[in-house]
Amino acid sequence: MAQPLDPATTEVDDHLSLVGGGPAGVLLIDLETRHVIHANHVAEQLAPHMRLPLPLEEWSDAAGLRDLDGHELSDTDHPLSRVARSAPVGGQAVSAGRASDLGGRRSALWVVALPLEGAPGLSDQALVVLLPLSDPRVRLAAATRPEQGADPKDLYGRAVRATTLSFTVADATAPDQPLVWVNPAFTETTGYTLDEVVGRNCRFLQGPETDPASPSQMRDAIERNQACRVVLTNYRKDGTPFWNQVDLSPVHDGAGQVTHYVGIQTDVTLRVDAERAVAQALRSETRARADAEGARARLAFLVEAVNQLSGTLDVERCARRLLELVTPELADWALLLHLGEHGELVGVRGLHGDPALQHDVDDYATSLLTAMRPGSMVDVLLQGQHVRVIDGLGSQENLDERSGYLRDLSITEDTARLGSASALCVGLSGRGTVREILAMVRTTDRPAFGPEDIDVGRDLGHRAGLVLDNTRLFEAQRLIAETLQHSLLSELPPVEGLDVAARYHVGDRAAQVGGDFYELLALDDGSVGVAIGDVLGHDVFATAAMGHLKGMLRALAHTSDPAIGQPGRLLDDLDDLISRLRINTIATAVYARLCPVGDGWRLDWANAGHPPPLLRLPDGTAEALVDDDPDLLLGVGTAVRTTHSRMLPPGSTLVLYTDGLIEHRSRSIDQCLEEVLEVTRRLGGSAQQTCDALFDAKIAGPSDDDAAAIVVRLPVSDA
């Protein structure tokens, strides 16, 4: 007599390796009219939007059924056509045009089709089951076709023997859902014939070792008109138990009413004898695996913790996150000791798993600064190691040992009040130097730190130390780069009569530097030079190149040669210097000169591949100064750039900007340019108000690029 099996560990029979784990499609076919009259939910998804009853060929075409050669089944002697002629199909591979679990891709199916001979009220119908295939290599091997000219009776017998799957059909409209048909494979598996089961609920297969939860699961699925799969202990007619995998599926008519339940049953006990021989070994292995999984889970947690630490580039936030990750998962409370250049203790922060005790931990961290002995903490606390376990922190025993790292032993009382039975101290080593020590403390409510914890702590110390080291290095580099860029983006010099404002905004990325620049120049001839530029790149190299270009532009603008001072000529000379000095960079730029002429101003400008300047006139109109034939960028080759001129009335506003102001992830550049123009039209106030409004609109939408702008408002005429 077979012993009860655990369904989670039971192997499935060899023949099921042919069939994938997905749900099966089920059809009931009227053999007289050759119509599909019932289908389950999976079959409905194979041929969606088709109302039943439906001619068999139309359903096949709607499902996109093809044979293995790619021919439409409606054009071939396919299994649905054969079963419509009352010929059984023991198994044939086909493909379907769509399947709900495959996102619309073609999927292979194994078709089993049997006339329901002897079924009360169903003898003129046939059952079709479409099972998903697994490995494509199995699909071709499994594609068996009946021989031409075979005797129908012999063919029926061979088809039944070709599958070991048991099929049952129950009447969903009758009380207690009695069986109305079973196939011969069911009889071979259970010993019950069709006459013995018709009119009975399948509960007769259950027995003393059947887990009540499995039948309950099936009843719940029936009440909700849902499909289900269960594995349970059933009993054959001779009383022997076997493990039965039951796939139960409701079948609907054209109105959506459940008419039948089709069950696909599989005996999964063929390997029981072999499993018995190793059952005890498996249980022992399971216990050992559980212990190993516990250790592996702790390690996986710490590795994931370090991955989370990498999500920030701020040292303070990274240190705080480290404490939050180990408390209370690994420790009841924890301390992070910050060390100076010579390993001395310069700071302590703590975190308790109980928020009510956080204030006590903060006070303890402050007291520890003076209670620890001076010197390198690696030698004083860790005794020259990277990992150390200290037990009995809060007891009055072994005070001599604690005096090795504490010069004020009275702090032991504070340690006891916090609850301290065992501490795991880990040096966070970055590139060979320990800059922090993590002390994880457990109370008597948890086991002391053991060998597995020490291994995890050693791994954590190295990985977290590298993350903190890299974060410190990034902060140092960012400070240098920001200092460089801010020195290059100096404050605008005052120019009498002009209202000027400029602003720079960092994009949504880690690097805080870039190649955007602006410039305002009060020239000796009384004119004013205004420039905006964008060097390709978002790093310190772009910033350095920007510094070169900005210096050369200022020098060229202050030349005494009037011809060189023209914007087009100036950009050409700047491009020539880039080539001569072998400055390997590409940049866009606009250079403009504002010259007072009578009561107004003349605007001269040239554009080297940069977004067009914006101009707002005193009457509130605004436009983009777009070039019909744009000039080349700087650094891509020699060119002769055009100087454009225009007279401006008093009170006009000129806006120069970089492309970061009109680049947003969710909108096109043309849309953003129109929005910037609208902001410029709407505002007639000061240059600072216009500049702030432009950046407020930019910041409202995410952008990876930096943005810079300079706004110049001409004075209003006294008249």
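The paragraphs that follow treat the nonpolar cores, then a surface patch, and finally some backbone features.

This is a predicted model, in which local features need pLDDT of at least 70 and side-chain atom pairs count only at pLDDT 80 or more, while totals for chains, interfaces and linings use all residues. Residues are numbered from 1 along each chain as its sequence is written, and side-chain values use heavy atoms, with hydrogens and water left out.

In soluble globular proteins, nonpolar side chains tend to be buried together. A nonpolar core is here a set of buried Ala, Val, Leu, Ile, Met, Phe, Trp, Tyr and Cys residues joined through side-chain atoms within 4.5 Å; buried means under 20% relative accessible area, exposed over 50%, and partly exposed in between, with a 1.4 Å probe and protein chains only. The largest such core comprises 43 residues, and those with the most contacts inside it are Leu 116, Leu 127, Phe 167, Val 169 and Trp 181. If neighbours within four places in sequence are set aside, Val 169 is in contact (heavy atoms within 4.5 Å) with residues including Leu 116, Leu 127, Trp 181, His 260 and Val 262. Apart from this core lies another, of 28 residues, among them Leu 339, Met 372, Leu 381 and Ala 423.

On the surface, Leu 536, Ile 586, Leu 632, Leu 633 and Val 636 form a nonpolar patch with about 410 Å² of accessible area together. Patches are made of residues with over 30% relative accessible area and no salt bridge, nonpolar side chains (Val, Leu, Ile, Met, Phe, Trp, Tyr) being joined within 5 Å and like charges within 9 Å; a salt bridge is a side-chain nitrogen of Lys or Arg within 4 Å of a carboxyl oxygen of Asp or Glu. Accessible areas come from the Shrake-Rupley method with a 1.4 Å probe, and for residues only the protein chains shown count as cover. Ile 586 is partly exposed, at a relative accessible area of 32%.

Ile 586 lies in the loop between helix H18 (567-580) and strand E20 (587-597), where helices (H or I, at least four residues) and strands (E, at least two) are DSSP runs numbered from the N terminus. Arg 582 is placed in the loop between H18 and E20 as well; Arg 582 is not a glycine, yet has a positive phi of about 55°, and it is exposed, with a relative accessible area of 77%.

The loop between helix H1 (41-46) and strand E3 (54-55) holds Pro 53, which is joined to Leu 52 by a cis peptide bond with omega of about 0°. His 49 is found in the loop between H1 and E3, and its phi is near 65°, a positive value in a residue other than glycine.
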